[in-house]
Amino acid sequence: MTPRTALRDPKQDRSRATRRRLLEAAVACLAERGWSGSTVAVVAERAGVSRGAAQHHFPTREDLFTAAVEHVAEERSAELRALSAPRGEGRVRVVVEALIALYTGPLFRAALQLWVAASYEEQLGARVAALEAKIGRETHRMAVELLGADESVPGVREAVQGLLDMGRGLGLANLLTDDGHRRERVVAQWAGILEGILAAQDPGHPSRAVS
């Protein structure tokens, strides 16, 4: 047994596990019930903990839900950072699909509920604005890295941002109906456009490489 293992505190492990359950339950409640239906008591019940335990970790409702959205965003970012996109034909399509998936899952639905609430809940406004700016910067940075985009080339930055803006729009459309078939066609078209832009920026770009 290593010293590091020996020093682990079971109470701290349980505390971290409880915190994680609360964060995941909060995102699920936001996505399913919206802001008005997602109280601390509702989240605590879904997480299988007492309301007192929930308030020990997150003293206010605003603390809980902003932390929840940030937590899941960080997990999704970690998945994207670990993405090993293939080289050659189809590489850009894989990256575009992974990025669009950010806006068509439960995280986007939960975040949208938080944004709407922030528009009329004064205590949420500044916190959510700061969180959205942070998530937006990180997503853009990852998109640039995954695509191998050179933003010093005119038009490339706008193309990447256009992809992310399109993702938000597709995510909104997906809230009301299953928009999967149309989304597939849009993703394929946009991937083709990006491949042309990225290949033009550098003849040696991976999108031209042979797999």
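**Exercise 1.** Which residues does T18 touch, not counting residues up to four places away in sequence?

*Solution.* The model is predicted: local features need pLDDT of at least 70, side-chain atom pairs count only at pLDDT 80 or more, and totals for chains, interfaces and linings use all residues. Residues are numbered from 1 along each chain as its sequence is written, and side-chain values use heavy atoms, with hydrogens and water left out.

Step 1. Contact means heavy atoms within 4.5 Å. With residues up to four places away in sequence not counted, T18 touches V49 and H57.

Step 2. T18 belongs to helix α2, where helices are DSSP runs of H or I with at least four residues, numbered from the N terminus.

Step 3. The relative accessible area of T18 is 14%, so T18 is buried; buried means under 20%, exposed over 50% and partly exposed in between, with a 1.4 Å probe and protein chains only.

**Exercise 2.** Determine how helices α2 and α5 pack, and classify the residues of their contact.

*Solution.* Step 1. Helix α2 (residues 10–33) meets helix α5 (residues 61–81) at an angle of about 95°, and their axes are 8 Å apart. Axes are lines fitted to C-alpha atoms, for helices over the stretch in contact, and angles run from 0 to 180 degrees between N-to-C directions.

Step 1. The angle therefore makes α2 roughly perpendicular to α5, a class that spans 65 to 115 degrees.

Step 2. Among the residues making the contact are L22, L23 and V27 of α2, and L64, F65 and V72 of α5.

Step 3. The contact residues comprise 11 nonpolar, one polar and four charged. Here Ala, Val, Leu, Ile, Met, Phe, Trp, Tyr, Cys and Pro count as nonpolar, Asp, Glu, Lys and Arg as charged, and the others, Gly among them, as polar.

**Exercise 3.** Identify the salt bridges that involve K134 and the helices that they connect.

*Solution.* Step 1. A salt bridge is a side-chain nitrogen of Lys or Arg within 4 Å of a carboxyl oxygen of Asp or Glu. K134 forms one with E70 (2.5 Å, N to O).

Step 1. This pair links K134 in helix α8 to E70 in helix α5, 64 residues apart.

Step 2. E74 and K134 also meet in a salt bridge (3.8 Å, N to O). E74 lies in helix α5 and K134 in helix α8, so this pair ties together parts that are 60 residues apart in sequence.

Conventions:
Helix = DSSP H or I, 4+ residues; strand = E, 2+ residues; numbered from the N terminus. Parallel < 35°, antiparallel > 145°, perpendicular 65-115°, else oblique.
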